[in-house]
Amino acid sequence: MDECIFCKIVEGKIPASVVYEGETVLAFEDIQPTAPVHVILVPKRHVGSMMDMGDGQRELAADIMEAAVKVARLKGVDETGFRLVINCGPDGGQLVGHLHMHLLGGRKLTDGMG
Ligand code: 5GP
Ligand code: ZN
């Protein structure tokens with residue numbers, strides 16, 4: 001997608017601090033972290049939101065989950081714990097229209113669930 005920030009990061013057209021790269025998933029540091037560990041995981045091919053993760057996306061969904069486990073180890077929060085968040089649509093607070101999962105950790109996450 002031409003105007004998608006995360007597609008541009010995947011294509012290397014916008015710089016990002018990459019934490020992990022797999023066949024289908026890229027993980028990079030959030031530009032405005034809200035926790036000591038704040039990594040964004042995205043499918044490398046454009047998927048707009050969670051609502052586009054319908055039939056036939058099981059493998060990709062599993063890839064993202066597996067990547068999150070790898071990132072948790074790489075960032076050293078596998079023992080201390082972390083939170084995974086996927087925002088979807090306006091009420092969910094999704095600002096970037098390319099499906100992404102936040103991995104947050106490195107402090108006790110005391111915030112509520114909204
Ligand atoms: P959302 O609110 O859509 O779930 O979260 C989007 C996240 O992407 C935000 O945490 C924001 O800081 C991050 N973000 C937005 N633009 C960029 C960018 O150009 N580079 C990186 N690394 N993160 C970004
Ligand atoms: Zn995209």
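Ligand 1 is surrounded by 16 residues (heavy atom within 4 Å), the closest being Asp30, Gly93, Leu95, His100 and His102. The model is predicted, with local features requiring pLDDT of at least 70 and side-chain atom pairs pLDDT 80 or more, while totals for chains, interfaces and linings use all residues. Residues are numbered from 1 along each chain as its sequence is written, ligands are numbered from 1 in the order in which they are written, and side-chain values use heavy atoms, without hydrogens and water.

The corresponding distance is 2.7 Å for His100 and 2.8 Å for His102. Alone, ligand 1 exposes 520 Å², of which the protein buries 84% (Shrake-Rupley method, 1.4 Å probe).

By class, the shell around ligand 1 comprises seven nonpolar, seven polar and two charged residues, with Gly counted as polar. Two or more shell residues come from each of α1 (5-10) and β2 (25-29), helices being DSSP runs of at least four residues and strands of at least two. Helix α1 contributes the most, with three residues.

One aromatic pair is counted (ring centres within 6.5 Å; planes under 30 degrees apart are stacked, over 60 edge-to-face, the rest tilted). The ring centres of Phe6 and Phe28 are 5.3 Å apart and their planes stand at 70°, so the pair is edge-to-face. Because Phe6 belongs to helix α1 and Phe28 to strand β2, the pair ties together parts 22 residues apart in sequence.

Note on methods. A polar contact is a pair of N or O atoms within 3.5 Å; within protein, one must be able to donate a hydrogen and the other to accept it, and residues adjacent in sequence count only if both atoms are side-chain atoms. Rings of Phe, Tyr and Trp (its six-membered ring) pair if their centres lie within 6.5 Å; planes under 30 degrees apart count as stacked, over 60 as edge-to-face and the rest as tilted.
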